[in-house]
Amino acid sequence: MSPDSLTPGSVRSAAALNEQIRALWIRAGGSLSAQERAEYELLVVKWAAAVRKEIIEAA
């Protein structure tokens, strides 16, 4: 995934973000480079926000 696809404010579901996280780990072979680590951290933050949003909407 390119950094351009991690545009701040972009809206994706928690499931879609989880799939991206899994794909990143698979591509990296279980060992992340510094760039991949930064991408992973951003994806996890976005995933957590999406989970919170989905929980609030469900309530």
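How closely do the axes of α1 and α2 come, and at what angle do they cross? The axes of these two helices come within 8 Å and cross at roughly 160°, where axes are lines fitted to C-alpha atoms, for helices over the stretch in contact, and angles run from 0 to 180 degrees between N-to-C directions. α1 is therefore roughly antiparallel to α2, given that angles under 35 degrees count as roughly parallel, over 145 as roughly antiparallel, 65 to 115 as roughly perpendicular and the rest as oblique.

The model is predicted, and local features need pLDDT of at least 70, side-chain atom pairs count only at pLDDT 80 or more, and totals for chains, interfaces and linings use all residues. Residues are numbered from 1 along each chain as its sequence is written, and side-chain values use heavy atoms, with hydrogens and water left out.

## Overall make-up

The protein chain has 2 helices and 0 strands; helices (H or I, at least four residues) and strands (E, at least two) are DSSP runs, numbered from the N terminus. Of its 59 residues, 20% count as buried, a class that means under 20% relative accessible area, with exposed over 50% and partly exposed in between (1.4 Å probe, protein chains only). Among the contacts in the protein chain with a separation of 6 or more, 57% are accounted for by residues 24 or more positions apart, contact meaning heavy atoms within 4.5 Å.

By class, the contact of α1 with α2 has 12 nonpolar, 2 polar and 6 charged residues; Ala, Val, Leu, Ile, Met, Phe, Trp, Tyr, Cys and Pro count as nonpolar, Asp, Glu, Lys and Arg as charged, and the others, Gly among them, as polar.

Tyr40 is placed in helix α2 and, at 22% relative accessibility, counts as partly exposed. Leaving aside residues up to four places away in sequence, Tyr40 touches Ile21, Leu24, Trp25 and Leu32. Glu54, also placed in helix α2, is partly exposed at 35% relative accessibility, and under the same exclusion of residues up to four places away in sequence, Glu54 touches Ser13 and Ala14.

Val44 is found in helix α2 and is partly exposed, with a relative accessible area of 29%, and Leu42, which lies in helix α2, counts as partly exposed at 33% relative accessibility.

| Pair | Apart in sequence | C-alpha to C-alpha distance |
|---|---|---|
| Tyr40 and Gln20 | 20 residues | 9.0 Å |
| Leu42 and Ile21 | 21 residues | 9.8 Å |
| Val44 and Ala14 | 30 residues | 9.6 Å |
| Glu54 and Ala14 | 40 residues | 8.0 Å |
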